[in-house]
Protein chains: 2
Amino acid sequence: MKSICGVEGVRAFGIKEGKFGLALIKASGAAAGVFTSNLVRAPPIILMEKRIRNGCLDAVIVNSGCANAYTGEQGYNDAVRMGEIASRELGTDPDHVGVASTGVIGRYLDLPRIEAQCHRIAPLLEHSHQAETLAARAIMTTDLTEKHALIRGDGFSVGGITKGSGMIAPNMGTMLAFLYTDADVPASHLSSTLKQAANRTFNRIVVDGDMSTNDVALCTATGFAGSVDYGKLSRALEECCRMLAIQIAMDGEGATKLLEVSVLGAPSEEEAATVARTIVSSPLVKTALYGEDPNWGRVIAAAGRAGVRFDPDAVDLRISDGTSSCPLVCDGKIVVDLAAAKKAMQGKKVIFLLDLHNGPGSATAWGCDLTEKYVEINGRYTT
Amino acid sequence: MKSICGVEGVRAFGIKEGKFGLALIKASGAAAGVFTSNLVRAPPIILMEKRIRNGCLDAVIVNSGCANAYTGEQGYNDAVRMGEIASRELGTDPDHVGVASTGVIGRYLDLPRIEAQCHRIAPLLEHSHQAETLAARAIMTTDLTEKHALIRGDGFSVGGITKGSGMIAPNMGTMLAFLYTDADVPASHLSSTLKQAANRTFNRIVVDGDMSTNDVALCTATGFAGSVDYGKLSRALEECCRMLAIQIAMDGEGATKLLEVSVLGAPSEEEAATVARTIVSSPLVKTALYGEDPNWGRVIAAAGRAGVRFDPDAVDLRISDGTSSCPLVCDGKIVVDLAAAKKAMQGKKVIFLLDLHNGPGSATAWGCDLTEKYVEINGRYTT
């Protein structure tokens with residue numbers, strides 16, 4: 001097991017037919033969710049924001065290929081019906097079914113197809129590695145790989161699958177993430193824990209700066225492992241979300257490299273996160289990464305427009321490939337060893353460490369390079 | 001005359017040697033400036049913010065190829081010396097010389113080269129179309145065309161040259177713009193007029209969302225035309241800035257199309273501008289533009305994350321090629337005529353008109369498409 005089926009009480013399956021996928025996950029328990037803060041919210045998001053207030057879920061149904069976004073009242077009714085389709089097949093309460101959609105905006109759901117797919121896979125749900133992988137694949141759109149994480153805690157587990165590759169600049173949950181734990185924890189606690197974890201992980205990845213209309217992360221606690229230390233659960237959930245978030249950044253549309261930016265010495269954690277997000281979002285930093293050009297000037301220039309106060313003449317900036325690191329700027333002075341800096345740009349992962357020397361706040365954000373492939377993928381998406 | 005030499009009292013010349021250009025413009029009069037709001041400011045910006053308080057300029061010296069940014073105390077002294085070089089050649093007060101730089105960040109100025117170039121071109125300054133064109137070319141970096149504008153007012157003129165192609169998301173002036181008018185107007189009035197004009201024009205173009213460390217717009221009033229109606233001057237200056245700003249957007253790095261987004265019905269002009277800027281900045285809108293894909297869902301999704309309140313179910317969205325327009329969304333309902341919408345995407349200029357129906361505020365922003373060429377240009381810039 002590598003993800004959700006590593007958690008007791010979770011069964012899953014998925015199917016993908018061309019662009020159109022469907023995943024079903026059955027797991028009963030206390031549940032919490034975080035949602036996109038885009039003003040334009042897809043009907044399944046509007047539905048789930050209400051439904052999650054029940055504090056429990058029995059199952060989740062997710063389709064890919066059509067986002068059911070900007071589809072108004074019909075879209076809302078379709079989302080409700082999609083949940084009913086799952087509840088009928090699984091014999092659960094329709095009010096306890098999670099519904100999520102991802103794909104093209106402004107198109108209506110093909111409910112007959114979803115009903116047929118659901119009918120085919122409902123009998124196949126199982127607690128296996130193959131099943132969790134099929135579910136993770138079914139929710140992919142422009143993703144190239146399925147994304148999963150499993151954290152073995154102290155007597156409990158936290159596992160999740162996610163998808164996302166473009167339109168990634170979440171500010172709540174990310175595209176779609178489905179998290180499970182066998183810990184026994186009330187929905188209210190799960191909710192605050194999930195919010196903090198999402199804020200430090202999914203909300204700190206940027207592929208292209210476009211926030212989706214459909215971002216959602218749902219977490220269900222099956223309770224099979226009994227009561228646990230909340231601090232440990234919180235750390236495990238955050239670790240699980242971080243592993244998933246980094247996989248989204250690595251699989252950013254057209255990406256060839258992962259970019260990690262750690263900012264320290266900011267007045268607060270939120271301000272450190274703002275600077276880190278601004279740097280990983282910068283098209284000039286992203287193209288320099290692609291060109292393996294240690295253009296630290298673009299990193300400093302991006303930090304300077306983040307809206308956070310610091311003294312540009314007092315900062316330290318280092319670059320690292322994850323194994324060794326070298327200084328670029330020290331106390332505001334340029335100290336680049338160009339050969340070493342270029343070498344650090346050549347790996348699959350490039351890390352910038354920026355110390356603002358202006359407080360105790362630190363945060364890390366993740367992104368990827370901007371390549372011709374991103375343009376190609378998005379210039380021809382709907383057609 | 002097409003630009004600055006259309007204004008009485010202005011003489012110019014420029015030279016370009018490989019990546020390294022130098023322009024000299026001589027014109028005496030009341031002067032005002034607007035500058036980047038990036039926290040990381042290049043030394044010439046720091047120098048000019050102080051110097052412009054004198055309220056007058058006799059000349060401007062501008063080099064391209066090296067931004068003299070993040071160069072600390074040495075960079076500041078170099079900027080002062082660059083001004084002195086011009087003042088010696090032109091026989092003017094060094095405190096009345098404008099200094100600007102554009103190019104790679106983190107490199108020191110090659111003052112001997114600048115001195116030699118200045119010495120060569122100072123005797124050649126003239127009031128001619130050829131001279132203004134050479135000056136406009138000398139300040140180009142990744143720009144493909146020189147950019148100029150001339151407005152003939154009621155008994156006065158306003159002309160300008162500008163440069164800028166990448167790192168364009170100004171929030172004050174834009175990259176570099178040099179504006180001249182023969183109107184007789186005090187520096188204090190020129191300053192407030194320039195601020196408003198820049199805010200409505202240069203601050204509303206986005207090529208890549210990266211704000212430069214070197215943005216500056218300087219305006220000098222030579223007074224040759226005597227006193228004028230301030231309202232008319234203000235409108236002419238804004239029109240001149242708009243013409244220059246649109247040329248920057250059209251010449252965005254790798255761009256093939258101009259994107260114009262007009263937002264109306266916002267609570268205020270500033271909020272309309274925020275929505276319009278968010279849309280023209282969206283990588284997904286920009287790539288759809290490149291792919292000639294009328295993906296209006298991305299336009300609405302970008303509007304939704306701009307942080308401005310409106311009812312997504314009440315908006316109107318139209319697309320136009322500048323000659324005919326067709327509806328995409330009407331009262332929040334999808335009404336796309338796909339063939340007509342696709343046709344509207346095929347020209348060199350694509351206009352979206354978004355009515356939020358939530359107030360009297362309106363604003364227009366300009367951008368361009370995101371192409372493989374942008375990635376290519378910026379992946380290999382420093383090397």
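## Two chains, two sheets and a two-fold axis

Strand β10 (residues 316–320) of chain A pairs with strand β11 (residues 325–330) of chain A in the antiparallel sense, over four bridges. Two strands pair here if DSSP finds at least two bridges between them, and the elements themselves are DSSP runs numbered from the N terminus: helices are H or I runs of at least four residues, and strands are E runs of at least two. Within this pair, Leu317(A) stands opposite Val329(A) in β11(A). The hairpin of β10(A) and β11(A) has four residues between the strands, and Gly322(A) takes a positive phi near 100 degrees there.

Before you explore further, a word on what you are looking at. This is a predicted model, in which local features need pLDDT of at least 70 and side-chain atom pairs count only at pLDDT 80 or more, while totals for chains, interfaces and linings use all residues. Residues are numbered from 1 along each chain as its sequence is written, and chains are lettered from A and ligands numbered from 1 in the order in which they are written.

How confident is the prediction? Chain A averages a pLDDT (the predictor's confidence in each residue, from 0 to 100) of 90, and 96% of the residues score at least 70. The model scores ipTM 0.72 and pTM 0.79. Where pLDDT is low, the predicted coordinates should not be read in detail.

### The sheet in chain A

In chain A, six strands form an open sheet in the order β12-β11-β10-β13-β9-β14, with mixed pairing. Strands β12 (333–334) and β14 (361–368) of chain A stand at the edges, each with a single partner strand, so one side of each is left without a neighbour in the sheet. Strand β10(A) also pairs with β13(A), in the antiparallel sense over five bridges. There, Ile319(A) stands opposite Phe352(A) in β13(A).

Helices join the picture too. Helix α6 (residues 230–250) of chain A lies across β9 (258–266) and β14 of chain A, and runs at about 40 degrees to β14(A). Helix α7 (residues 269–281) of chain A packs on the sheet and touches β9, β13 (349–355) and β14 of chain A, its direction making about 20 degrees with that of β14(A). For these angles, axes are lines fitted to C-alpha atoms, for helices over the stretch in contact, and angles run from 0 to 180 degrees between N-to-C directions.

### Domains of chain A

Chain A is divided into domain 1 (4–250) and domain 2 (258–379), with bounds that come from an automatic or database domain assignment. The C-alpha centres of domain 1 and domain 2 of chain A lie 31 Å apart. Twelve residues of domain 1 of chain A are in contact with 14 residues of domain 2 of chain A; contact means that the C-beta atoms of two residues, placed from the backbone, lie within 7 Å.

### The sheet in chain B

Now for chain B. Its open sheet of six strands has the order β12-β11-β10-β13-β9-β14, with mixed pairing.

| Strand pair | Sense and bridges | Residues standing opposite |
|---|---|---|
| β10(B) and β13(B) | antiparallel, five bridges | Arg318(B) and Leu353(B) |
| β10(B) and β11(B) | antiparallel, four bridges | Ile319(B) and Cys326(B) |
| β11(B) and β12(B) | antiparallel, two bridges | Val329(B) and Ile334(B) |

The hairpin of β11(B) and β12(B) has two residues between the strands, and Asp331(B) takes a positive phi near 55 degrees in that hairpin.

### How the chains meet

Which rotation superposes chain B on chain A? A rotation of 180 degrees does so, with 0.0 Å of shift along its axis and an RMSD of 0.0 Å. That is the relation of a two-fold axis. In chain B, the C-alpha nearest the axis belongs to Glu372(B), 2.2 Å from it. The superposition uses least squares on the C-alpha atoms of residues with pLDDT of at least 70 in both copies.

At the interface, 45 residues of chain B are in contact with 45 residues of chain A. The elements giving two or more residues to the side of chain B that touches chain A are α8 (283–290), α9 (296–304) and α11 (372–379) of chain B. The largest share of that side, six residues, comes from α9(B). Finally, 100% of the interface residues of chain B are also interface residues in chain A, so the copies meet through the same surface.
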